[in-house]
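Please read the report below alongside the sequence and the three-dimensional view.

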Amino acid sequence: RMELIQVRNLKKYYTIRGGFFQRIKSCGKAVDNVSFDIFDGETLGLVGESGCGKTTIGRTMLRLIEPTGGEVYYEGNNIFNLSGGALQAIRRNMQIIFQDPFSSLDPRMPVGESIMEGMRINRIGTRKEQFDMMIDVLRKVGLEDYHARRYPHEFSGGQRQRIGIARALALRPRFIICDEPVSALDVSIQSQVLNILKDLQEEYGLTYLFIAHNLSVVEHISDRVAVMYLGKIVELAHRAELFYNPLHPYTQALLSAIPIPDPAVKRKRITLKGDVPSLFNPPKGCRFHPRCPFAKDQCLVEAPPYREVQKGHFAACWLNE
Ligand code: SF4
């Protein structure tokens, strides 16, 4: 399959300054030299504990936050080199859905207007076409025509997320970053929203980067899954491969926390020691070593390479070397 998105050596550093000369006191690498591809029409799941940098990756890819370095290619065009109209044309194809759609909706604007606003800014269609498109996307996400006249506070969390999806969809994007779109919703509502996303993907051939903080959410929606720890991707593989043959102890630990219905599959139970260390003071060597049950001397001093261990299966751990 063709790559729609290529991320190369993406970096986003945050600095803390202090003292009389406002010197840089410490630097937190929220995204530390991360590279991956997203194929046309697939869903890549991106999983990690809060503070690992996954949300920063999503926002940096769309330049909602300026990157410290690296490149992001959309169909071969480096979007970090574009500006003006060329950037806007590509940005229309790359949309984002947030965990809390309420914060991105104007509380004083009927949601129908909010949905049309994006089309207006991007000069898509006439006013009549914008209206028809707005009604069309509302129906596509399972809402009714009369909802267009209602205000954000009149909707439930699940409905607001549908509006967030409708708003992104109205611009006819090819790629959508779903940034924890169901984390704030009840479990019963979660699967409804996930099903809508799946149906829309099929209908429009959408490509997703689906960000979540646990593996069980991405299991059903992803074709491939990437696991992040402290600013780096530590493992990336096809879903089944990652779930049944995890190569990184961190992935193994995340998986061992998910109950398996199939008794034939055996997983070692791994309990992680300690908390996630700070990005501003990451451990030397393998960043996972203070919590890793398999850490050896080498892990304390030298970071393992991130490489393709088996075909299509990437990992960064000395156990695989
Ligand atoms: Fe654990 Fe060492 Fe592998 Fe890091 S490199 S995950 S510390 S075994």
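The sections that follow describe selected features of this model.

## Basis of the model

The structure is a predicted model, in which local features need pLDDT of at least 70 and side-chain atom pairs count only at pLDDT 80 or more, while totals for chains, interfaces and linings use all residues. Residues are numbered from 1 along each chain as its sequence is written.

## Annotated domain

An unreviewed UniProt entry carries the annotation "domain: ABC transporter" for residues 5–255; UniProt positions are given here in the numbering of this model, feature names are shortened, and such annotations may be inferred rather than shown by experiment. Over residues 5–255 the chain is 37% helix and 29% strand, with the end C-alpha atoms 27 Å apart. Helices (H or I, at least four residues) and strands (E, at least two) are DSSP runs, numbered from the N terminus.

## Ligand shell

Which residues come closest to the ligand? The shell holds 13 residues, and the closest are C286, H289, C292, C299 and C317; a residue counts as near if its C-beta atom, placed from the backbone, lies within 6 Å of the molecule. By class, the shell has 11 nonpolar residues, two polar ones and no charged ones. In this classification Ala, Val, Leu, Ile, Met, Phe, Trp, Tyr, Cys and Pro are nonpolar, Asp, Glu, Lys and Arg are charged, and the others, Gly among them, are polar.

Helix α1, residues 54–61, is mostly covered, since seven of its eight residues are buried. The buried residues in α1 are K54, T55, T56, I57, G58, T60 and M61. Here a residue is buried if 20 or more other C-beta atoms lie within 10 Å of its own, exposed if 12 or fewer, and partly exposed in between, with C-beta atoms placed from the backbone. After α1 comes R63, whose phi is positive, near 60 degrees.

Y14 is placed in strand β1, residues 3–18, and is partly exposed, with 15 other C-beta atoms within 10 Å. Y14 and T60 are 46 residues apart in sequence, and their C-alpha atoms are 13 Å apart in space.

## Helices α3 and α4

The axes of helix α3 (residues 111–121) and helix α4 (residues 127–140) come within 9 Å and cross at roughly 125 degrees; axes are lines fitted to C-alpha atoms, for helices over the stretch in contact, and angles run from 0 to 180 degrees between N-to-C directions. The two helices α3 and α4 are therefore oblique to each other, given that angles under 35 degrees count as roughly parallel, over 145 as roughly antiparallel, 65 to 115 as roughly perpendicular and the rest as oblique. The crossing of α3 and α4 is right-handed, where a crossing is left-handed if the near helix is turned anticlockwise from the far one by less than a right angle, and right-handed if clockwise.

Within helix α3 lies M119, which counts as buried because it has 22 C-beta neighbours inside 10 Å. The C-alpha atoms of M119 and Q130, 11 residues apart along the chain, are separated by 6.6 Å. In the loop between α3 and α4 sits R123, which has a positive phi of about 50 degrees although it is not a glycine. Is R123 buried or exposed? With 9 other C-beta atoms within 10 Å, R123 is exposed.

## Helices α5 and α6

Helix α5 (residues 157–169) and helix α6 (residues 187–204) have axes that come within 10 Å and cross at roughly 15 degrees, and α5 and α6 are therefore roughly parallel to each other. Their crossing, that of α5 and α6, is right-handed.

In the loop between α5 and β7 (175–179) lies R172, a residue other than glycine with a positive phi near 50 degrees. R172 is partly exposed, with 16 other C-beta atoms within 10 Å.

## Two further loop residues

P101 is placed in the loop between β6 (94–97) and α3, and counts as buried because 25 C-beta neighbours lie inside 10 Å. The C-alpha atoms of P101 and I65, 36 residues apart along the chain, are separated by 18 Å.

H213 lies in the loop between β8 (207–212) and α7 (215–219), and is partly exposed, with 18 other C-beta atoms within 10 Å. H213 and E235 are 22 residues apart in sequence and 15 Å apart in space, C-alpha to C-alpha.
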